Amino acid sequence: MLILCGSSMSYMEDYVLAYKSPLYGRRTAQMKILPFDFADTCRCFTRFSDTDMALIYGIAGGTPQYLLQMDDGLSVEENIKNTFLNPSSSLFEEPENLLKQEVREPALYNAIITAVAGGASRMAEISTKAGEDTSLCSAYLKNLISLGIICRETPFGEKSSRKSIYVIDDNMFRFWYRFVPENSSVIARGASELAYKRIEPYLSDYMGSVFEEICRQYLWKLLLTGQSPIEFRDLGRWWGTDPISRSQAEIDIMGEQDKDTALFCECKWRNEQTDAGVLETLLERTRIFRYTHKHLYLFSKSGFTKGCVERAKELGCVSLVDYSAMLKVLLRD
């Protein structure tokens, strides 16, 4: 048996698996090795606290090579300083070096990722910030999607491409482009302490989307082990206009079992307990949809107030899950 392995996705696809390749049509299997999920990432470390485990996943993602740069004998702050804020660290220039290996015009790809990291999510916004034609940016975004760096999202249950947005899919890339370029001058001068002070106030907000992904993995674990109250077919985020209030609304996670049954989730990564107001807001937003049976999930980093627990009991269709309980389920074999 001949096994070919390669870390360069563009090379493997263009020269090993492509139509003109001598091996085209002769392979008996192909495997795309994906990054570790959150549970597998946790198993790589024994000394990080539960909260630090989520932070490490948020900044390094699940790529083993990046996780090897993390030391669970140090704090998250020290790990960030030793890697992303250290000019001699391999992670300091990793995104740019990776792009040089994978694509022919890394400068434009870099401009596109920078635009997305800076908040440009729609095609027109990205092309404007990158300074290139929309059709060209579209082709480059497709390549970034195939590399697993960018992903395209559409509101759950909708097929309209007009509402599609682009976000950075890889945690290491997301963290790097969010914090390193804007502090590069300070980092280059060895002032890692100052750079970290500028980053720290935004870490909790940054972790919001990371926590949503961890919650999605938790819900899939429940489904695959037969513990989910809703046998959903897929999960996604929804955003759009609330026809009642005529304001913009968003639901962190949605999943549909059939035309009558769905689940709705809100995820809160913050240091205070989640209160009943958050539950009421989620309940109000579910009224946008005409499902007969609805199950609500609230996920919280720091638990729930007494009022929230009591309101959830009244409704009877609500699951309150704090981060520590979620972690136990995810790490259970």
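## Side-chain packing and charge pairs

F84, F175, F179 and Y206 are joined into a cluster by ring pairs, where rings of Phe, Tyr and Trp (its six-membered ring) pair if their centres lie within 6.5 Å; planes under 30 degrees apart are stacked, over 60 edge-to-face, the rest tilted. This is a predicted model, in which local features need pLDDT of at least 70 and side-chain atom pairs count only at pLDDT 80 or more, while totals for chains, interfaces and linings use all residues. Residues are numbered from 1 along each chain as its sequence is written, and side-chain values use heavy atoms, with hydrogens and water left out.

The structure holds 20 aromatic pairs. In one of them, F264 and Y291 have ring centres 6.0 Å apart and planes at 65 degrees, so the pair is edge-to-face. F264 belongs to strand β5 (residues 261–268) and Y291 to the loop between α14 (276–286) and β6 (293–300), so the contact ties together parts 27 residues apart in sequence. Helices (H or I, at least four residues) and strands (E, at least two) are DSSP runs, numbered from the N terminus. F264 is buried at 0% relative accessibility, and Y291 is buried at 14%; buried means under 20% relative accessible area, exposed over 50%, partly exposed in between (1.4 Å probe, protein chains only).

The largest nonpolar core has 80 residues, and F38, F84, Y218, L219 and F299 have the most contacts inside it. Such a core is a set of buried Ala, Val, Leu, Ile, Met, Phe, Trp, Tyr and Cys residues joined through side-chain atoms within 4.5 Å. Helix α13 (residues 203–224) gives the most to this core, with 11 residues. Another core, of 20 residues, lies apart from it and includes W238, L282, F289 and L298.

A search of the whole structure finds 16 salt bridges, each a side-chain nitrogen of Lys or Arg within 4 Å of a carboxyl oxygen of Asp or Glu.

| Pair | N to O distance |
|---|---|
| K81 and E77 | 2.7 Å |
| K163 and E158 | 3.2 Å |
| R233 and E256 | 2.8 Å |

R233 lies in the loop between α13 and β3 (235–241) and E256 in strand β4 (residues 248–258), so this bridge ties together parts 23 residues apart in sequence. R233 is exposed, at 55% relative accessibility. K81 and E77 are 4 residues apart in helix α5, about one helical turn; K81 is buried at 14%, whereas E77 is partly exposed at 26%. Salt bridges also link R47, D71 and D72 in a network.
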